Each structure stands twice: as structure tokens, then as C-alpha cells.
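Have the picture ready and follow along as we go.

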Amino acid sequence: MKFTYLSAEDAQRLSADLRAVEAGSVATLALHIAPILEAHQMYSRRTACLSGYVFGHPSQGDGREIMTSQLIYMDTEAGIARTVNRWYRLGHPAGTGRV
């Protein structure tokens with residue numbers, strides 16, 4: 001199974017926009033054509049992520065059960081997944097009786 005939350009091209013555009021905002025270059029963005037969102041509120045919603053027992057994580061102890069940040073890309077055949085924060089190598093899926 002392959003899952004892609006964001007294409008590489010979309011990710012590059014998003015990255016460029018965030019870099020412009022961080023650099024204070026908001027004038028370079030095409031905000032004059034952006035839609036207006038009236039009566040806006042911030043909500044939390046469910047998003048794809050992974051859970052499991054992690055080994056070799058830079059700040060989590062081996063064997064610790066974790067929930068990752070948002071899942072951006074996963075290819076179970078290649079055994080890899082990319083979250084917002086890092087790459088993961090996929091071991092055995094849940095339900096196989098292995099950890």
C-alpha cells in the first residue's frame with residue numbers, strides 16, 4: 001500500500017510560502033487573490049499517523065509505544081514511512097504477534 005498526503009510539488013510550494021512568511025516577505029505571496037474565510041475558527045481534526053513500538057528513535061526509549069506526528073507518506077512494500085518530523089522504517093504490522 002502507498003499513501004501520499006502531499007505531493008512533492010505541493011510540499012515545495014508550501015515550504016516556499018512558509019520560508020517567505022518567516023523571512024517577513026509576505027508581500028511576495030499572492031494574497032490579493034486568496035479566498036476570504038469569514039467567521040473562521042480553529043478546530044482540531046483527525047489526521048493519519050502511525051502508532052507502534054519504536055526502536056532507535058533519537059529521543060524515545062527502545063520498545064516504547066508511540067504515536068507519530070502526521071503521516072505524510074507511506075509505502076508498505078518498501079517498508080518506509082515519512083511523518084512531518086522524520087522517516088521511519090516499518091517493521092511488522094500490528095496483529096502479527098511480533099514486536
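pLDDT is the predictor's confidence in each residue, on a scale from 0 to 100. You'll want that number here, since what you're looking at is a predicted model. The protein's mean pLDDT is 89, and 100% of its residues reach 70 or more.

Where is confidence lowest, and where is it highest? Strand 1 comes out lowest, with a mean of 90, while strand 6 (residues 87–89) is highest, at 95.

Strand 4 and strand 5 (residues 80–83) pair up in the antiparallel sense over four bridges. Asp75 is part of this story: its bridge partner in strand 5 is Ile80.

Side chains with opposite charges can pair when their charged atoms come close. How many salt bridges does a search of the whole structure find? Three.

Let's start with Lys2 and Asp75, whose side chains meet in a salt bridge at 3.7 Å, N to O. Lys2 sits in strand 1 (residues 2–4) and Asp75 in strand 4 (residues 71–75), so this pair ties together parts that lie 73 residues apart in sequence.

Are these two residues buried or exposed? Lys2 has a relative accessible area of 61%, so Lys2 is exposed, as that takes over 50%. Asp75 has a value of 7%, which means Asp75 is buried, the cut-off being under 20%.

Next, head over to helix 1 (8–22). Which residues are linked in a network of salt bridges? They are Glu9, Asp10 and Arg13. Arg13 forms a salt bridge with Glu9, with the closest N and O atoms 2.9 Å apart. The side chain of Arg13 also meets that of Asp10 in a salt bridge, at 2.2 Å from N to O.

The spacing along the helix is worth a look. Arg13 and Glu9 are four residues apart in helix 1, about one turn of the helix. Arg13 and Asp10 are separated by about one helical turn too, because they are three residues apart in helix 1.

How open to the outside are they? Glu9 counts as exposed at 54% relative accessibility. Arg13 is partly exposed, with a relative accessible area of 44%, and Asp10 is also partly exposed, at 31%.

Last stop: Ala48. Where is Ala48? Look in the loop between helix 1 and strand 2 (51–54). Ala48 is partly exposed, with a relative accessible area of 30%.

Which residues does Ala48 touch, leaving aside its neighbours within four places in sequence? Ala48 is in contact with Phe3, Ser69, Gln70 and Leu71. As for Val99, 51 residues away along the chain, its C-alpha atom is separated from that of Ala48 by 22 Å.

Notes
Residues numbered from 1 in each chain as written. Predicted model: local features only at pLDDT ≥ 70, side-chain atom pairs only at ≥ 80, totals over all residues. Heavy atoms only, no water. Helix = DSSP H or I, 4+ residues; strand = E, 2+ residues; numbered from the N terminus. Buried < 20%, exposed > 50% of the residue type's maximum accessible area, 1.4 Å probe, protein only. Contact = heavy atoms within 4.5 Å. Salt bridge = Lys/Arg side-chain N within 4 Å of Asp/Glu carboxyl O. Pairing = 2+ DSSP bridges.
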